[in-house]
Amino acid sequence: MKKALAEIIKFNEERDWDQFHSPENLAKSIAIEAGELLECFQWNAEFDQQKVCEELADVMNYCLLMSAKLGVDAETIILQKLEKNREKYPVEKARGKSTKYDQL
């Protein structure tokens with residue numbers, strides 16, 4: 001992901017867009033792009049693979065930009081959160097269930 005992040009940052013620097021990338025604006029952009037991703041599935045389970053990948057990439061781009069803006073390593077925070085989720089959702093209680101952790 002370091003190469004991808006470097007390319008995203010370079011792309012934005014070339015366009016002088018960092019000035020628009022406050023954490024607040026990036027959070028808004030993540031939500032907007034996530035909505036566009038969801039729109040790909042709006043009426044049924046059929047979807048255009050290319051369009052879904054493009055929208056997913058947009059969400060991921062903004063997420064990586066936000067992690068950089070906050071000065072945190074994306075991989076590190078993902079792995080830390082995964083460890084917390086392992087504790088909240090132990091295999092013996094959560095396997096095959098979609099129940100929220102406080103209801104297991």
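Ile77 counts as partly exposed because its relative accessibility is 38%, where partly exposed lies between buried (under 20% relative accessible area) and exposed (over 50%), with a 1.4 Å probe and protein chains only. This is a predicted model, in which local features need pLDDT of at least 70, side-chain atom pairs count only at pLDDT 80 or more, and totals for chains, interfaces and linings use all residues. Residues are numbered from 1 along each chain as its sequence is written, and side-chain values use heavy atoms, leaving out hydrogens and water.

**Surface**
- Ile77 belongs to helix α4 (residues 74–88); helices are DSSP runs (H or I) of at least four residues, numbered from the N terminus.
- Together with Leu70, Val72 and Ile78, Ile77 makes a nonpolar surface patch of about 340 Å².
- Such patches take residues with over 30% relative accessible area and no salt bridge, and nonpolar side chains are joined within 5 Å; a salt bridge is a side-chain nitrogen of Lys or Arg within 4 Å of a carboxyl oxygen of Asp or Glu.

**Ser67**
- Ser67 is part of helix α3 (residues 49–70) and counts as buried because its relative accessibility is 6%.
- Beyond its neighbours within four places in sequence, Ser67 is in contact (heavy atoms within 4.5 Å) with Val72 and Ala74.

- Ile30, leaving aside neighbours within four places in sequence, contacts Val59, Tyr62, Cys63 and Met66.

Conventions:
Patch = residues over 30% accessible without salt bridge, like charges linked within 9 Å, V, L, I, M, F, W, Y side chains within 5 Å. Areas by Shrake-Rupley, 256 points an atom, 1.4 Å probe, with all protein chains shown as cover. Helix = DSSP H or I, 4+ residues; strand = E, 2+ residues; numbered from the N terminus.
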